[in-house]
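I am opening a notebook on a structure that is new to me.

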Amino acid sequence: MKGNKRGKMLLACMVTITVLAGCSSAKSADSGGGKAQDASEAAINPTGFPIMNESTTVSGFAAKFFANADWNNIRLWNDYEKKTNIHVKWDTVQTETLKEKRNLLLAGNDYPEMFYASAFSRSDLLKYGKQGAFLPLNDLIDKYAPNFKAMMDKYPIIAKGITMPDGNIYGLPTIYDPEFKSVLYGTPWVKQEWLDKLGLQQPETLDDFYNMLKAFKEKDPNGNNQKDEIAWGAVGTTGIVNYLRGSFGLNNHGTSNINVDTDPETGKLRFIPSDPRYKELLQFVNKLYKDGLIEQDIVSVKSTEVDSNGVQGLLGVSDSVDPVAIYNQKGYVGLSVLKGPHGDQQFSAYGSPLGNIGMFVLTDKAKHPEAMMRWVDYFYSDEGIKQFFMGWKDETYTEDASGNVDYKDEIKNNPNGLTLDQAVGQYLIWPGGYYPGFVKQKFFKGAEGLPTSVENAKKAEPYVLSQDQIWPPFNFTQDEQSELTTIQTDIDAYVLEMKDKFITGNESFDNWDKYVAALEKMGVERYKAIYQSAAERYAKP
């Protein structure tokens with residue numbers, strides 16, 4: 001959710017894999033795999049455990065984060081099998097080869113009963129749902145997923161965001177608790193010690209921000225008599241551009257659909273990368289670049305180089321998570337939300353609480369779809385969430401009298417030198433961020449749950465978009481998706497390329513009109529029209 005997070009974070013993959021399917025449907029779940037529905041329903045218990053009256057084996061395919069993790073012999077699944085009477089025979093691949101293997105299984109009609117942690121795109125969900133390979137889940141959710149259904153009722157954006165244009169739901173998502181503010185948003189991090197040493201206050205305007213960065217670069221705040229400070233250290237320009245979007249009145253529906261929002265003057269959909277205010281934003285960042293106030297190799301710098309500078313304490317501002325979590329550097333605090341040239345002071349660089357939505361799919365080969373819906377629904381309950389993220393009381397975590405939980409010391413400070421992810425990965429499968437489920441602050445111990453991150457989010461909260469303003473990634477019809485695919489890839493790539501060129505001065509702003517004209521030739525008006533249709537569908541009750 002927060003813009004510009006990197007893979008090293010404990011929580012990853014937020015906004016890039018896109019959204020799923022639908023809420024209410026005329027189709028029933030007894031098509032495809034439901035042909036044995038009567039027998040299946042008789043074999044399962046509608047509530048409580050075990051789910052199945054007799055031990056049952058189900059085939060499942062999943063992506064995993066650690067190559068050496070054996071999902072057929074990992075405690076989470078072994079214990080859950082005892083609880084449910086459902087044994088999942090896992091076929092797993094690492095996330096790097098997920099797409100290739102997943103697509104081969106589908107192409108060869110050699111796919112399993114269940115895809116888990118498989119990150120299907122919205123277009124694939126609709127495609128295979130229409131073909132009948134993926135079951136519509138609407139009726140199954142109504143009857144067998146009380147925990148997930150309660151979340152849909154409580155947070156309408158979930159139901160709307162996973163509803164495909166044909167009205168069906170074909171998969172279940174990762175959901176980030178809307179109350180877990182620090183996983184949804186937070187500003188970049190500034191070194192408070194440097195502010196104090198130079199007698200600076202937190203910046204409130206763009207001019208303040210410029211002057212702060214300039215002082216970091218020129219006034220030796222680390223006191224070593226060398227100009228080795230990097231005022232803004234980051235990999236790529238996305239972080240700084242996203243931080244400033246709200247200061248220029250852009251992305252008034254968040255960043256899940258990064259290139260579009262609503263034009264406040266016309267009320268119609270706006271294509272942000274050709275808007276005059278976007279040009280102003282890039283001109284400001286270009287000024288920072290020209291004056292050496294942001295990483296000079298920001299377009300090409302490797303993360304290892306930024307990490308090395310971070311560990312040495314040379315970064316005045318970092319746009320990742322709290323540097324204490326990744327660089328072991330204490331004393332960073334969240335930046336202020338800046339007032340822009342037109343009076344805008346808003347933080348808009350965050351998306352909806354919906355993460356990866358193609359994370360649980362049942363295929364037409366599922367023998368007991370009702371049981372598998374109950375199986376996954378457990379991990380949308382408080383008990384299941386706690387088990388999924390924390391493991392076992394007094395074995396992997398401790399709990400105080402107030403119900404606060406924390407990993408045991410052998411996990412947090414592993415005697416064998418394992419990282420937290422590696423230590424947790426001996427028992428649980430959440431590291432890496434691929435799973436269906438509900439991420440709650442109480443049970444999530446990644447960087448976003450640190451007290452400093454919570455404070456950062458509180459500081460930004462008065463300026464963030466309200467949840468009812470946020471758009472989730474849109475779902476498109478098959479025809480829309482087919483047409484959009486032919487133009488969106490080129491347009492999005494061109495926008496990213498030119499953003500970096502304008503910022504670094506490799507393209508003059510004198511050529512802005514040529515850039516806009518090139519976008520028009522590439523079909524940006526049709527791009528906008530398709531997004532407009534999706535936005536109108538989303539707006540319907």
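Predicted model: local features only at pLDDT ≥ 70, side-chain atom pairs only at ≥ 80, totals over all residues.

**Entry 1: helix α6**

I started with helix α6 (residues 146-154), where Phe148, Met151 and Met152 are buried. They cover an arc of only 100° around the axis, which puts them on the same side of α6. I took the arc from the directions that lead from the helix axis to the C-beta atoms. My cut-offs: buried means under 20% relative accessible area, exposed over 50%, and partly exposed in between, with a 1.4 Å probe and protein chains only.

What do the buried residues of α6 pack against? I found α5 (138-144), α7 (156-161), β4 (174-176), α15 (369-377) and β14 (437-439). Contact means heavy atoms within 4.5 Å. Helices (H or I, at least four residues) and strands (E, at least two) are DSSP runs, numbered from the N terminus.

Residues are numbered from 1 along each chain as its sequence is written, and side-chain values use heavy atoms, with hydrogens and water left out.

**Entry 2: the sheet**

In which order do the four strands of the open sheet run? I read β2-β1-β3-β11, with mixed pairing. Strands β2 (86-94) and β11 (360-362) are the edges, and each pairs on one side only. Neighbouring strands of this sheet are turned by 20° against each other on average, direction ignored. For pairing, DSSP must find at least two bridges between two strands.

I followed one pair further. Strand β3 (residues 114-116) and β11 pair in the antiparallel sense over three bridges. Phe115 has Val361 in β11 as its bridge partner.

Next I checked the helices on this sheet. α15 packs on it and touches β1, β2, β3 and β11. The direction of α15 makes about 170° with that of β11. Helix α3 (residues 98-107) lies across β1 (56-64), β2 and β3, and runs at about 140° to β1. These angles run from 0 to 180 degrees between N-to-C directions, with axes as lines fitted to C-alpha atoms, for helices over the stretch in contact.

**Entry 3: charged pairs**

How many salt bridges does the structure hold? I have 22. The criterion is a side-chain nitrogen of Lys or Arg within 4 Å of a carboxyl oxygen of Asp or Glu.

Arg270 and Asp261 form one, with the closest N and O atoms 2.7 Å apart. Arg270 is buried at 7% relative accessible area, and Asp261 is buried at 0%.

Arg537 and Glu480 form another, at 2.8 Å from N to O. Arg537 lies in helix α22 (residues 524-539) and Glu480 in helix α20 (residues 478-504), so the pair ties together parts that are 57 residues apart in sequence. Arg537 is partly exposed at 28% relative accessibility, whereas Glu480 is buried at 11%.

Salt bridges that share partners join Arg75, Asp79 and Glu395 into one network. Within it, the closest N and O atoms of Arg75 and Asp79 are 3.2 Å apart. The two are four residues apart in helix α2 (residues 75-84), about one helical turn.
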